[in-house]
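Hello,

Here is the structure I promised to pass on. Have a look at it first, and my notes follow below.

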Amino acid sequence: MSVYQFRIFSLSLVAFALVGTGNWIVTADEKDGDSQTELASQDDEKEYVPKTKRQLRQILTPIQYSVTQNEDTEPAFKNRYWNNKKEGTYKCIVCERDLFSSKTKYKSGTGWPSFYAPITNKNIGTRKDFRLFYSRIEVHCARCDAHLGHVFDDGPKPTGKRYCMNSASLKFVEKKEDSEKD
Ligand SMILES: [Zn+2]
């Protein structure tokens with residue numbers, strides 16, 4: 001490589017680094033602008049950094065880990081929120097995104113916390129689950145991919161859906177604590 005070629009090469013490296021940094025800043029700015037209208041549901045989206053499996057093992061209990069990361073299911077009636085009647089918000093245990101409200105929680109008789117709708121469809125994701133001999137629709141957190149439970153078509157009005165959730169995937173925040181921030 002001649003001195004001239006080396007200079008060109010160094011310059012392109014500098015340019016590449018600058019462009020790279022510039023892109024990153026622009027992306028961050030755009031995110032701020034675009035997300036204004038979605039802030040209520042997206043909350044701290046831009047600040048969320050996915051946790052490693054190792055970090056998750058430190059912050060989650062064994063049942064919270066096995067349910068959210070390995071799609072395990074808690075025993076019916078032997079979980080924290082199946083009979084919780086308090087008003088408030090059920091957040092993702094891993095990333096704290098708002099998932100379900102006590103307003104859509106209902107008594108399903110299954111022994112798992114059941115809701116007829118999420119707070120917003122954008123905060124959850126679904127995919128087909130073939131782990132049993134019949135297929136089910138798996139439900140997970142749209143932000144951190146934590147497994148939450150399954151959704152079935154035998155729920156009450158107005159949606160007809162039954163979001164059958166694991167308590168271990170959820171963190172309940174009672175309403176009075178929430179309203180202090182408002
Ligand atoms: Zn999450």
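Let me start with a sheet of three strands: it is open, antiparallel in its pairing, and ordered β2-β1-β9. Because β2 (98-101) and β9 (170-174) each have a single partner strand, they stand at the edges, and one side of each is left without a neighbour in the sheet. On average, neighbouring strands here are turned by 30° against each other, direction ignored, with axes being lines fitted to C-alpha atoms, for helices over the stretch in contact, and angles running from 0 to 180 degrees between N-to-C directions. Strand β1 (residues 88-92) runs antiparallel to β9, and 5 bridges join them. One of the residues involved is G88, whose bridge partner in β9 is E174. Strands count as paired if DSSP finds at least two bridges between them.

Two notes on reading all this. Residue numbers start from 1 along each chain as its sequence is written. The model is predicted, so local features need pLDDT of at least 70 and side-chain atom pairs count only at pLDDT 80 or more, while totals for chains, interfaces and linings use all residues.

Now the protein as a whole. It has 5 helices and 9 strands, in the order α-α-α-α-β-β-β-β-β-β-β-β-β-α from the N terminus on. These are DSSP runs numbered from the N terminus: helices are H or I with at least four residues, strands E with at least two. Among contacts between residues at least 6 apart in sequence, 56% join residues at least 24 apart; a contact needs C-beta atoms, placed from the backbone, within 7 Å.

There is also an open sheet of 6 strands, antiparallel in its pairing, with the order β3-β4-β8-β7-β6-β5. Its edge strands, β3 (105-106) and β5 (124-129), each pair on one side only. Within this sheet, β7 pairs with strand β8 (residues 162-165) in the antiparallel sense over 4 bridges, and V151 has Y163 in β8 as its bridge partner.

After α4 comes E71, with a positive phi near 60°.

Enjoy looking around!

Best wishes

Terms used
Contact = placed C-beta atoms within 7 Å.
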